[in-house]
Amino acid sequence: MIGLVYWQETAIKLAVILGVIPVTSLILVYLFLFKMMAFMQSRLGPMITGPHGTLQLIAEAIKFLQKEDIHPDNADKHVFALAPIVVLMSTFLLYVILPAGPDLIVEDLDVGIFYALAVSSLSALGVLMAGWASANKYALLGGLRAAGQLIAYELPLVLATMGVIIQAETMSLQGIVHAQANFSIFGLDSGMPFIFTQIVGFAIFMIAAQAELTQTPFDMPVAETELVGGFHIEYTGFRFLLFFMAEFGTAFAFAAIASVLFLGGWSLPFVDPNENWLNFVGPGVMLFKILILAAIIFWVRFTVPRLREDQLQKFAWKVLIPVSLVNIAVTGLIKVAV
Amino acid sequence: MTATSEHSQAAYVATQAADARINVELQTGDMTLNIGPQHPATHGTLRIAAQLDGELVIRAEPIMGYMHRGYEKLAEVRTYPQVTTLINRIDWLGSFANEVPFILAAERLMEVEAPPRAQWIRTILFELSRIANVSLFLGDMGVQLGALTPVFFAFRDRERVLNQIESLTGGRFHPNFDRIGGLKDDIPRGWIQETRDVMVKMREFCDEMEDLLVGNQIFGARCRGVGVIPREVALGYGMSGANLRASGVDWDLRRDANPGLAWDQIDWKVWTHPDGDSFARYWVRLQETREATHMVEKLLDGLPSGPVMAKVPRIIKVPEGEAYVSTENPLGEMGYYIVSKGDLGPFRVKIRTPSFNNISIVPWVCKGVYVPDVITILASLYFILGDIDR
């Protein structure tokens with residue numbers, strides 16, 4: 001589009017990612033964790049700081065920054081310090097491939113979805129590091145649970161996207177958006193999202209993402225009432241804030257990936273995806289879809305109890321994976337037949 | 001034995017030996033996990049020393065006494081009317097119910113009897129404190145299992161009951177309303193209708209909990225078959241209250257050993273469940289809360305008129321003797337054994353609290369379960385720390 005030198009472009013992209021992550025996690029925390037949860041529980045949530053408590057988050061962030069940075073005596077100092085950064089890094093890397101308009105993407109990789117799922121599982125490493133380095137038994141249990149859970153749910157997550165990839169014939173996220181912008185079903189012309197054909201894949205993806213994000217009913221790694229916070233039990237202040245931001249930033253990123261894969265991303269039905277004005281409308285469309293999906297994620301989180309670790313594994317291996325394999329087979333057959 | 005079976009036997013022995021070798025090689029040390037004294041699942045300062053093999057609990061031992069306040073000893077240096085302020089704080093969620101057995105025991109020694117109206121109001125307050133107490137459990141069980149919302153509903157609706165208790169007694173949490181020979185005051189104007197409205201609300205709350213938790217599949221998966229306590233074991237450990245009834249024992253002191261309150265004058269049902277697991281304990285408590293709201297309504301219907309205080313001397317001296325009175329408190333059987341030497345205060349008081357016995361079953365029931373199940377079991381046994389350690 002505009003002629004920029006390589007370093008200028010890189011600097012802008014970096015600034016966008018660095019700016020977007022805190023903003024998105026702030027939006028999610030305020031909208032869902034503070035307000036939606038409070039209204040569901042017949043409370044008001046924060047009301048004092050700013051209109052309807054909108055500035056509460058800034059206050060919370062300042063509170064976290066002021067806190068003392070404590071690390072346990074027996075902790076493995078370097079690993080302990082590195083863990084939250086590793087977790088947040090995986091979130092940062094996810095944002096690289098999220099498209100927000102025809103030209104609005106940091107890097108349109110050919111293997112976009114493959115890359116996204118690969119870097120998202122990096123967070124398991126960070127969580128395991130945190131759990132191990134904290135020198136705390138609860139943290140250790142939490143870290144191991146997280147590792148087991150993330151491995152179990154990575155598979156259905158990958159398999160659920162396969163249906164979409166088969167249908168779109170590409171792994172690039174922009175390519176998938178374009179495929180949906182040109183996709184017609186029920187005699188409707190174009191711009192139909194894949195959710196109409198991939199509803200099973202969508203359900204599996206959302207369930208697996210719920211587990212990947214360690215939200216209830218799959219929040220055993222954190223499990224406040226059992227493990228008292230699990231892997232981040234020993235973290236305070238800024239380091240805890242990093243974990244917190246990563247959690248919500250990743251939730252946002254997963255909602256974004258789901259909206260790209262199944263809801264058509266930034267594209268609109270009956271609109272040519274190459275229109276230039278979509279660069280301005282696209283981010284809004286995308287945000288709308290993301291917020292709907294994030295609302296589902298958090299709605300489930302606030303409503304249901306938590307499963308047990310063995311029940312969770314059973315659910316992944318005995319239900320989700322077979323169903324997603326069947327889904328792939330059926331999609332493939334239809335693709336070949338049509 | 002034929003040759004083929006010998007062969008298969010040899011193969012079996014060989015695989016067993018191989019398994020044993022692998023087990024020895026892979027054997028790792030057990031881990032001791034201290035659940036508590038500061039842990040959200042122990043809602044207070046109970047400590048569970050658990051021996052873990054991975055996530056499997058090999059042994060769990062409750063260690064009590066972190067909140068011992070010496071009420072039995074303190075009661076010895078107080079006069080009878082002063083003791084009720086203390087014992088209010090044993091089971092702090094159902095405070096009024098703590099006062100009743102003590103007052104009844106003192107009344108038995110003094111051979112006074114409260115007038116009928118006082119007995120009925122006592123029963124109403126007793127059931128109200130049961131509702132206030134158990135409704136919190138109904139929500140708290142959800143939060144222990146990871147569902148955040150029920151506990152907020154519980155706090156919201158329990159507040160209505162506490163308001164009723166407050167408007168009658170003046171104390172929201174610690175009424176200190178029961179007196180030897182009757183009650184401090186009569187009920188205020190409009191209280192009866194308000195209480196009826198609150199009871200309707202509490203039934204709605206029970207329905208809500210039924211929708212949110214009892215009908216929830218995950219809740220069922222976490223609770224059904226977890227922490228099964230058979231009838232004989234429950235009786236052997238001296239459990240009482242809803243925990244015992246959930247094991248299929250039809251035993252309720254309100255019906256079986258009514259010490260003079262109005263329970264025998266109304267119609268009501270004792271709920272039991274044959275399963276004895278965590279789900280049964282939750283279900284029984286849910287039904288009991290619902291039943292208690294009906295009981296309060298029936299008690300309000302039949303409330304007799306008359307004074308609320310019998311003739312008792314201004315300075316209370318209890319004649320020499322011993323008495324034990326126990327009632328079916330929200331948590332189970334609570335009893336006071338009072339020894340009097342004819343003084344202003346008791347010579348010795350032994351307090352039998354239900355949670356102490358209910359929690360002593362933990363080593364038996366938390367064997368070979370997973371760590372999350374320990375939380376389920378602790379939550380479903382429903383203890384209150386003040387009631388364990390007094």
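How many residues of chain A are in contact with how many residues of chain B? The contact involves 24 residues of chain A and 26 residues of chain B, where two residues are in contact if their C-beta atoms, placed from the backbone, lie within 7 Å. This is a predicted model, in which local features need pLDDT of at least 70 and side-chain atom pairs count only at pLDDT 80 or more, while totals for chains, interfaces and linings use all residues. Residues are numbered from 1 along each chain as its sequence is written, and chains are lettered from A and ligands numbered from 1 in the order in which they are written.

On the side of chain A that touches chain B, the residues comprise nine nonpolar, six polar and nine charged; here Ala, Val, Leu, Ile, Met, Phe, Trp, Tyr, Cys and Pro count as nonpolar, Asp, Glu, Lys and Arg as charged, and the others, Gly among them, as polar. Helices (H or I, at least four residues) and strands (E, at least two) are DSSP runs, numbered from the N terminus.

Chain A as a whole has 12 helices and zero strands. Its C-alpha atoms fill a box of roughly 65 × 50 × 45 Å along the principal axes, and of its 338 residues 48% count as buried, a residue being buried if 20 or more other C-beta atoms lie within 10 Å of its own, exposed if 12 or fewer, and partly exposed in between, with C-beta atoms placed from the backbone.

In chain B, four strands form an open antiparallel sheet in the order S1-S2-S3-S9, where two strands pair if DSSP finds at least two bridges between them. Strands S1 (31-35) and S9 (369-370) of chain B stand at the edges with a single partner strand each, so one side of each is left without a neighbour in the sheet. Strands S2 (residues 47-53) and S3 (residues 56-63) of chain B pair over seven bridges in the antiparallel sense, and Ala50(B) stands opposite Ala60(B) in S3(B).

Elsewhere in chain B, Asn176(B) lies in the loop between helix H6 (149-169) and strand S4 (178-179). Because 19 other C-beta atoms lie within 10 Å, Asn176(B) is partly exposed. Leaving aside residues up to four places away in sequence, Asn176(B) touches Thr84(B), Thr85(B), Asn88(B) and Gly171(B).
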